[in-house]
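Please read it beside the model.

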Amino acid sequence: MAIATINPANGETIKTFEALQDAEIAAKLDLAQQAFEKYRKTSFSERSQWLQQAATILEQEKADFAQLMTLEMGKPFKAAIAEVEKCALVCRYYAEYAPGFLADVTIKTDANHSFVRYQPLGAILAIMPWNFPFWQVFRFVAPTLMAGNVGLLKHASNVPQCALAIENILSRAGFPVGVFQTLLIGAAKVADLMADERVKAATLTGSEPAGASLASAAGKQIKKTVLELGGSDPFIVLASADLEAAVTNAVTARMLNNGQSCIAAKRFIVEETIADKFEKLLLDKFQSLKVGDPMEPDTDLGPLATPDILQDLHQQVNTAVKSGGKILTGGSPLTHSPGNFYPPTIIIDIPVDSQIAKEEFFGPVALLFRVRDIDAAIKLANDIPFGLGASAWTTNEEEKNRLIQELEAGAVFINSMVKSDPRLPFGGIKRSGYGRELSIQGIHEFVNVKTVWVR
């Protein structure tokens, strides 16, 4: 894929970039190593001050950054504003709490003094996706830089201006030269980076194949990785649920980021006794959504990020129909404009044992399943290779406890859609990846947990 800004709303190529040559990459790695040797000795107070200043820049210039995101990957402008604000939030969170998260922990043993000390590793490579081009990076940046590491960003090739803007923000905030660098490179260079001794670990948010490729390259070098991969999150609605609230949240949870979110609700699993009513309410709300220019304030759904994503999504819809599924609404790309627009789509009657029922649909397509009871709901929810998030709706306390205990996911949200929060660990199980971001668990992923014993 070319490194370029291509407006997904109209297909116009705005700007192209040349990929870094090997010598340029080597120079940036040298700079990262030199920067780390000095930066690791900075105080938490200094790092916190710089991160707080980054948050201030994000808040003061959020409209500019939001417009850039909308231009490069098509998210509605109002959603892009919220994303920038959330980036400022995670910066302020770690600026405040990282010193406590990384403080020495005394452990009583037969030593005069024994404790755990958390120390930085060095240069951490972040391979980040286009769907949340600021948030995904800042939730890596905030804990990584507060821990004393330095960052190298290989961003998605269709959001190069976002990648460069983030580097500029951190530079303006006061972080020393080389502490955070954007690498405009293709995916083929990742294995070479992992083989370089100056790169100590890596994190990736993206597809299963990308995660497997990074894990393989890192494994050969015995380097740690954190992977946040795909998901086909269940959204379970049981008979006791507040149906209006469930449907309203179902629409938001499916259409988040034009349907292009790993934690978007994708499979709607509804108890039979309320399924007719849920289906009608969901259909009405889907058909009322406005699809169009993502810069317009009343737009609910913008374009998909690239033509390939649209083509892949439509192929999945066709496969679902061939497998026995029925389309209630949508189901074909919109042709009224040159952009990558796909309408809100609902598919019912897909055989639960079909391969397509277990795949992730990365776009505004909802798969609706009916089940007889909570046992069947949990079984269907778990019957996929993914395990990222799960949302479940019920007012019954026994059902809440069962759902929390038995759903196979990195996060279970009861009577709420799944979301990320700096205060809570984020990550999945099974083929959704491993490791955690955010919270105290996230900042501990890329540090040396050093045991110290003194007599």
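Predicted model: local features only at pLDDT ≥ 70, side-chain atom pairs only at ≥ 80, totals over all residues.

1. Aromatic pairs. The structure contains 13 aromatic pairs. One of them joins F65 and F134 in a tilted arrangement, with 5.5 Å centre to centre and 35° between the planes. This pair links distant parts of the chain: F65 belongs to helix α3 (residues 62-73), whereas F134 lies in the loop between β5 (123-127) and α5 (135-146), and the two are 69 residues apart. F65 and F134 are both buried.

2. Ring cluster. Y93, Y94, Y97 and F101 are linked into a cluster by ring pairs.

3. Charges over rings. The charged end of K86 sits over the ring of W135, 4.7 Å from its centre. R47 lies over the face of Y39, at 5.5 Å from the ring centre.

4. An open sheet of mixed pairing is formed by six strands, in the order β7-β6-β5-β8-β9-β19. The edges are β7 (180-182) and β19 (433-434); each has a single partner strand, so one side of each is left without a neighbour in the sheet.

5. Pairing of β19. Strand β9 (residues 224-228) pairs with β19 in the antiparallel sense, over two bridges. Here E228 stands opposite G433 in β19.

6. Helices on the sheet. Helix α5 packs on the sheet and touches β5, β6 (150-154), β7, β8 (199-205) and β9; its direction makes about 165° with that of β6. Helix α6 (residues 160-173) also packs on the sheet, touching β6 and β7, and its direction makes about 160° with that of β7.

Key:
Residues numbered from 1 in each chain as written. Heavy atoms only, no water. Phe/Tyr/Trp six-rings, centres within 6.5 Å; stacked < 30°, edge-to-face > 60°. Helix = DSSP H or I, 4+ residues; strand = E, 2+ residues; numbered from the N terminus. Buried < 20%, exposed > 50% of the residue type's maximum accessible area, 1.4 Å probe, protein only. Lys NZ or Arg CZ within 6 Å of the ring centre and 35° of its normal. Pairing = 2+ DSSP bridges. Contact = heavy atoms within 4.5 Å. Axes fitted to C-alpha atoms, helices over the stretch in contact; angles between N-to-C directions.
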